Amino acid sequence: MSQEAAIAHHGPPTSFLRKHVFSVDHKVIGKQYFALAIVAVFIGMILSWLMRFHLVWPNAALPGLQWLSKVGAPAGVMTPEYYLSLLTMHGTLMVFFVLTNAPFAAFGNYFLPIQIGAEDMAFPRFNMMSFWTTFAAFVVLMAAFFVPDGPPISGWTAYAPLSAVGSDAGPGQGLGQTLWGLSIAIFCIASLLGSLNFISTTLDLRAKGMTLMRMPVSTWAWFITSCIALLAFAVLLPACLLLVLDRIAGTSFFIPAGLVISDRLQPHSGGSPLLWQHLFWFFGHPEVYIAILPAMGIVSHILINSMRRPLLSHKVVIGSMMAIGFLSYMVWGHHMFVSGMNPFSALVFSFPTLVITIPATVLTLIWLGSLYGSRLQITTASLFSLGFISMFVSGGVSGFFLAQPSIDIYLHATYFVVGHFHLVMGVAAIFGIFAATYFWFPKMSGRMMNETLGKIHFWFTFVGAYCIFMPFHYLGLAGNVRRTSSFVYDYAQPLIPVHKFITIAALCTGAVQFIFLINLLYSRFKGAPAPDNPWNATSLEWTVPSPPPWNNFGGKHPVVYHDPYQYGVEGASGDFIMQNSPEKVPVRS
Amino acid sequence: MNAAEKSNGMAATYVVYVVILAQAVFQVVFAFEMGPSLVLMMMIGVLQGSLAVLYFMHLGQERPSLVLALIPYTIFVLFMLNMIWSDSFRLLHMRPH
Amino acid sequence: MSQANLAVDPHAPGVMEERPFAIPSSKLVMWLFIISDAVTFGAILFAYGYVRNASPDWPTPFEGPSIWNTLLMTFILVTSSLTVLIAVKAAQDEDRARAFRWTILTAVLGVMFTALHLREWMDLIGKGVRTFQNPWGAPMFGATFFSITGLHMAHVIGGVIALIAVGLIYKAGRYSAKHIEVLSLYWHFVDLVWMFVVPLVYLMNMKR
């Protein structure tokens with residue numbers, strides 16, 4: 001592609017801006033995405049602390065909170081509305097700027113071109129635009145904190161008509177909600193640019209010998225994810241545009257007639273809140289897989305390396321991920337069982353929802369079957385990969401319950417769902433991010449991370465995450481409704497001790513994440529220098545120096561001779577054969 | 001590039017141009033005379049669109065794998081969106097009057 | 001698309017894997033963008049259908065002059081698809097001046113289309129159609145009309161700007177025929193969307 005021409009004619013960038021800020025180098029852009037995700041995840045985590053704290057000590061003042069919002073938290077005690085504002089921002093930050101950005105955009109950007117033997121993405125300038133568009137979306141979203149009414153209160157799903165009618169619906173539903181809509185619309189465009197780049201890079205820039213089936217599982221996962229993101233975000237974009245029109249142009253796509261909010265008859269008619277839910281969840285369910293598929297690929301990639309043997313079947317893993325991507329478009333209605341949707345549709349959506357557990361189960365069985373009898377090397381990365389499987393299974397099993405409308409109607413508005421999606425989508429994907437960070441940090445920075453701190457981080461996070469999210473299921477079964485800032489009903493009173501336990505667990509588990517942050521920063525500057533291939537891995541990213549030079553392969557085109565995971569090959573010269581090693585693989589008898 | 005190079009001459013393009021315009025005229029005349037029928041209008045639209053994709057955008061001259069990668073996926077996603085209709089029809093009857 | 005200098009082809013035999021679709025990456029990206037955008041338009045048209053189904057008093061105001069105007073716009077847009085094809089052909093024959101002329105003619109047709117469209121918008125606004133009300137019935141009529149045709153018009157305007165920019169850079173010799181061809185795909189797509197906007201937004205809403 002053309003960047004090769006550019007490389008042929010120009011040297012590496014020299015100015016600070018070109019090198020570190022407006023860089024077209026996919027590695028710098030990947031790190032920028034990662035940094036953005038780290039900022040977003042810590043903001044999101046602190047927001048969750050504030051919410052958990054308020055839930056169990058509703059009258060205790062948090063000194064300093066009034067600086068965040070004088071209206072939302074007078075004298076440091078947040079109002080019920082401000083609780084919802086923080087909830088919205090927590091969800092939006094985590095889903096869009098962490099779970100979508102970190103495993104997909106950050107690690108995908110950094111490692112997809114190297115894993116296929118390319119010098120850069122197919123369109124480096126698009127890539128840069130894609131990051132800066134994401135950054136703009138982040139800034140617009142953050143701006144909602146600083147408008148007079150504060151951030152929106154309608155949750156990350158922005159359910160209409162609450163999100164559509166304007167400031168009558170409560171504080172934050174004025175300018176804050178408009179900013180939310182614009183931010184997500186901008187994010188859709190950024191995601192579109194990213195997907196286009198990922199797909200064309202994967203298809204067009206593979207090194208000689210890197211056939212599609214020789215691509216590592218992680219590359220496949222990023223590729224499939226970008227195919228999903230290509231069309232899923234395409235539906236969210238018009239939805240957000242129509243939402244913004246409802247708010248600023250007086251249309252009523254999502255607002256029904258005769259709606260009275262805050263004692264005021266809304267001057268709208270003709271729309272339907274269900275339309276928003278349909279459009280949003282049509283994107284929203286594929287989004288779940290946009291968050292989890294890259295983690296699946298990363299975890300497979302890492303486990304294979306730690307087990308020193310390939311998965312039971314490369315093809316079935318890829319096929320299962322494709323099946324998940326395909327089915328993800330057919331199941332969005334299971335988020336809407338209690339929305340007043342046609343009950344017949346609920347039945348139709350329930351069936352593919354149960355079917356989608358089949359490829360997910362196949363993946364899990366392949367991981368477990370491959371692990372069985374293997375001599376797993378216990379590194380922090382492999383521990384987090386095991387943690388991913390554990391979280392994915394624990395969170396996934398409750399999905400069986402929620403897939404059935406009759407059970408979901410009871411559970412949907414309760415903490416059961418909170419526990420379910422935090423485990424299966426949130427924590428599982430975050431574990432994938434952690435695993436990727438510990439695994440690839442040596443390549444990205446040229447220094448090793450501290451394994452002892454990493455293992456401490458893992459065990460506290462693993463136990464902590466279960467302490468936080470497992471009790472949510474019991475709360476939900478007991479009927480504790482979600483999205484409320486206090487327990488006003490008598491039946492909820494006995495549940496308060498459980499909430500206290502969760503809050504303490506959340507505060508502790510959150511604090512442990514600072515170990516990760518310290519490890520990350522310390523290792524970045526003071527860590528032991530990393531060799532080119534610290535994990536004795538086979539794929540192409542380990543054939544280049546740590547960190548890779550600006551054109552990855554030093555201006556040469558690697559040639560690939562093998563399937564991605566040649567571990568423990570009998571008769572080979574070593575324990576493993578690199579993908580670009582011309583060594584012949586002895587035929588197994 | 002290679003695909004378009006294969007198309008020597010523009011004769012087919014002019015024919016398709018005329019056919020698409022003729023369809024547009026027929027569509028309008030039919031709508032005036034018989035009233036707009038959604039099914040027929042959409043059929044003509046799909047026909048016009050297919051002609052444009054095949055002869056203006058030369059998709060027919062690309063590798064079949066490209067067609068298989070793009071078109072069934074798009075149609076599948078648009079097809080799935082049809083699940084929303086059952087709710088929009090119900091709204092009419094649930095409407096408070 | 002936004003890249004210059006295509007002299008070096010890394011896909012020389014033996015350097016990299018063949019492209020699976022045997023088309024340049026920029027063309028593949030344009031196709032992917034087109035299917036993504038098709039779903040975007042699809043979703044907004046579905047939203048229109050949804051709202052329309054749910055409204056018992058949907059107005060059908062378009063009369064003869066309006067429909068003939070639409071037919072004229074169709075004629076202009078389909079003709080612009082033809083002119084851009086002639087530009088592509090000329091570019092592939094290395095006739096830069098001719099390709100540039102036809103590209104600019106396409107952009108001019110795009111401007112004419114937009115002008116006719118805006119005239120119609122003004123006409124409807126003059127009749128009292130707003131995004132939140134209209135003199136005839138369901139207030140969502142104006143909202144759907146303006147949002148769908150507005151999105152389409154934004155695509156036309158973007159296309160006109162791109163045609164002029166790419167045409168000028170091509171004339172200066174920094175772009176190749178490939179750039180014109182890839183941009184022509186986008187222009188045909190804008191045309192294709194119009195083929196669905198006309199029956200759904202205009203013909204279905206004509207006075208009977």
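**Chain architecture, interfaces and core of the predicted model**

Read along the sequence, chain B follows the pattern α-α-α-α-α. The model is a predicted one. Of the 97 residues of chain B, 30% count as buried.

Chain C likewise has its elements in the order α-α-α-α-α from the N terminus on, with 5 helices and 0 strands in total. Buried residues account for 54% of the 208 residues in chain C. Taken along the principal axes, the C-alpha atoms of chain C fill a box of roughly 65 × 35 × 25 Å. Of the contacts in chain C with a separation of 6 or more, 77% are between residues 24 or more positions apart.

For chain A, the secondary structure comes to 17 helices and 4 strands. The radius of gyration of chain A is 24 Å, close to the 25 Å given by the globule rule for 589 residues, so chain A is as compact as a globular protein of that length. The C-alpha trace of chain A spans about 75 × 50 × 50 Å along its principal axes. Of the 589 residues of this chain, 59% count as buried. Contacts in chain A between residues at least 6 apart in sequence were also examined, and 79% of them join residues at least 24 apart.

In the contact between chains B and A, 10 residues of chain B meet 13 residues of chain A. Both α4 (64–81) and α5 (85–94) of chain B supply at least two residues each to the side of chain B that touches chain A. Here α5(B) gives the most, with 4 residues. The side of chain B that touches chain A has 7 nonpolar, 1 polar and 2 charged residues.

The largest nonpolar core holds 280 residues, of which A:Ala428, A:Ala435 and C:Ala47 touch the most other members. Helix α8 (residues 217–248) of chain A contributes the largest share of this core, 24 residues. Not counting residues up to four places away in sequence, A:Ala428 touches A:Ile292, A:Ala295, A:Phe388, A:Met391, A:Phe392, A:Gly395 and A:Leu423. In soluble globular proteins, nonpolar side chains tend to be buried together.

Helix α11 (residues 343–355) of chain A was considered individually. At 1.5 Å a residue, its 13 residues should span 18 Å, and the end C-alpha atoms of α11(A) are 19 Å apart, which agrees. The buried residues of α11(A) are A:Ser345, A:Ala346, A:Phe349, A:Ser350 and A:Thr353. Seen down the axis of α11(A), these buried residues fall within an arc of 140°, so they line one face of the helix. An α-helix has 3.6 residues a turn, so residues three or four places apart point the same way. On the other side of α11(A), A:Phe344 and A:Leu347 are exposed.

Methods. Residues numbered from 1 in each chain as written. Chains lettered and ligands numbered in written order. Predicted model: local features only at pLDDT ≥ 70, side-chain atom pairs only at ≥ 80, totals over all residues. Contact = placed C-beta atoms within 7 Å. Nonpolar A, V, L, I, M, F, W, Y, C, P; charged D, E, K, R; others polar. Buried ≥ 20, exposed ≤ 12 C-beta atoms within 10 Å, placed from the backbone. Expected span 1.5 Å × (residues − 1). Arc of directions from axis to C-beta. Core = buried A, V, L, I, M, F, W, Y, C linked by C-beta atoms within 7 Å. Rg over C-alpha atoms; globule rule 2.2 N^0.38 Å.
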